[in-house]
Amino acid sequence: MALKYSDKVMDHFLHPRNLGDIKNADVEVIEGNIQCGDQIQMQLKVNPETKVIEDIKFKSFGCASNIATASAITEIAKDKTIEEAKKIKWKDVSESLGGLPQIKEHCSILAVETLKKAIKEYELK
Amino acid sequence: MDYAKKMNEIIYLDNAATTKPLQEVVDTIKEAQENNYGNPSSLHLLGIQADNLLSNARKLIAESIGANEDQIIFTSGGTESNNLAIKGSTIRKKGKVITTKIEHPSILNTFKSLENNQEIVYLDVNEQGFVDLEQLKKEVDENTIIVSIIHANNEIGTIQLIEEISEIIKQKNPKTLFHIDACQSFTKTDLTIEGIDLVSINSHKIHGPKGIGALFVKNKKLLTQIEQGGHQEFNKRPGTENLPAIAGFAKAVEIAMNEKDKNIQLMKNLQKYFIDKVLNEITNTKLNGPKDRLCNNINITFSFIEGEALLMMLNEKNICVSTGSACSSKVLEASHVILALGKKYEDAHGTIRFSLSKFTTKEELDYTIEQLKEAVKVLRKISHLG
């Protein structure tokens, strides 16, 4: 049985959104484990007054769905406040991509964990 | 380039997973299905006709490895051959069983299933995938029932020094059985059964049909059947024979043996061309396994990127490859073979296997290299490593 990705997953994989680095990012985190074969780097730029995530960028080492979920979560989180972004669930990410193969659902969990880690680090600053 | 325009063509570089059946093979199977549907066990004329087909196929396959007809047992493929060889040799005994860390899952998991009854040893390999002969020498003892070693590795193409290994085993204990899994190497390198007790071979890796394979058994008295049923296959593997597939298998063997030297040379030339070009033209790439290897196998690590992502990107360009082993492409762990070579995890996750066949052309490889360069560039831009 081959892995079947949705068109949306393939679209994000082949055309990742918010890829790269933010100049003067407020925070940069890396989450995930190379041993497991996937890792995401995420940077945030947050408006200090409104607490809105004004910019969010990622880079990643991982499979097609790792890249697609990282890309998708940046789209979901962008322009949300920190408090709103905290509420993003892995299901929101996977549903925004039209679902993930079961064996790849952990990719959306990693994407959420990376965002949470970034927010936590921002709040600790 | 012109070739890239022919996008409706599929470039199949996953021949270690399976191969395209030859037209002659397809015709042979069809002929057997339509005109030779008898049961070889039946006593009437259709049975005799079917039994003749079975005998001829068995004879041809036996001769291809220098065996006698009554030493060939047909099975459903490499996995069953490996199960039968290992379980059938150990089921009535208690002792030590030895294999390596770079086996196909059908061996590794069969050994795992013996853990409660037997002492199991998994031999180390060096950085090129060759079995540690000193360790082998140390481990084979009077209690050793069987040593099982993959002839040519399915992921990295390392061809083990079978004669030396056999000598070591038999010197330490002449009663220890030596099994090789030759599913990848059969007809793609020389194979002599001298000093070997059991050999697994299969059909679909050599342009034959799926679902059929064979086990060479030097001394059938030492092998116990692991399934119960009729008397077929010398009482070692019950069930009505899959005659159309057996006929197709024999046809594939016949053609492969006739073309053996020519095809090996053709694949070796393409293999060298591809490896040299990729290592020279794409930075941070490493060949996994030895330079001199099974003629159709290429395994390369592309640093800083993950294999599945690269596979998917090549797939978008109609190029079919695999990450390590096709059997594990749905498993998230890094390849156990690459890790056994002592490589880092990120390198183990970033490997791609390109496996050639006699149908592979230089044009296909040139197109693949062009697409590879582009895909690697894109994915390295996405990666935060490197």
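## Chain A and its interface with chain B

Between chain A and chain B the count is 1 salt bridge, a term that stands for a side-chain nitrogen of Lys or Arg within 4 Å of a carboxyl oxygen of Asp or Glu. Glu308(B) and Lys104(A) form a salt bridge in which the closest N and O atoms are 3.5 Å apart. The model is predicted, so that local features need pLDDT of at least 70 and side-chain atom pairs count only at pLDDT 80 or more, while totals for chains, interfaces and linings use all residues. Residues are numbered from 1 along each chain as its sequence is written, chains are lettered from A in the order in which they are written, and side-chain values use heavy atoms, with hydrogens and water left out.

On the side of chain A, 26 residues are in contact (heavy atoms within 4.5 Å) with 20 residues of chain B. The residues of chain A that touch chain B divide by class as follows.

| Class on the chain A side | Residues |
|---|---|
| nonpolar | 17 residues |
| polar | 7 residues |

Chain A itself has 5 helices and 3 strands, where helices are DSSP runs of H or I with at least four residues and strands are runs of E with at least two. Along the sequence these elements follow the pattern α-β-β-β-α-α-α-α. The C-alpha atoms of chain A fill a box of roughly 50 × 25 × 20 Å, taken along the principal axes.

How values were computed. Nonpolar A, V, L, I, M, F, W, Y, C, P; charged D, E, K, R; others polar.
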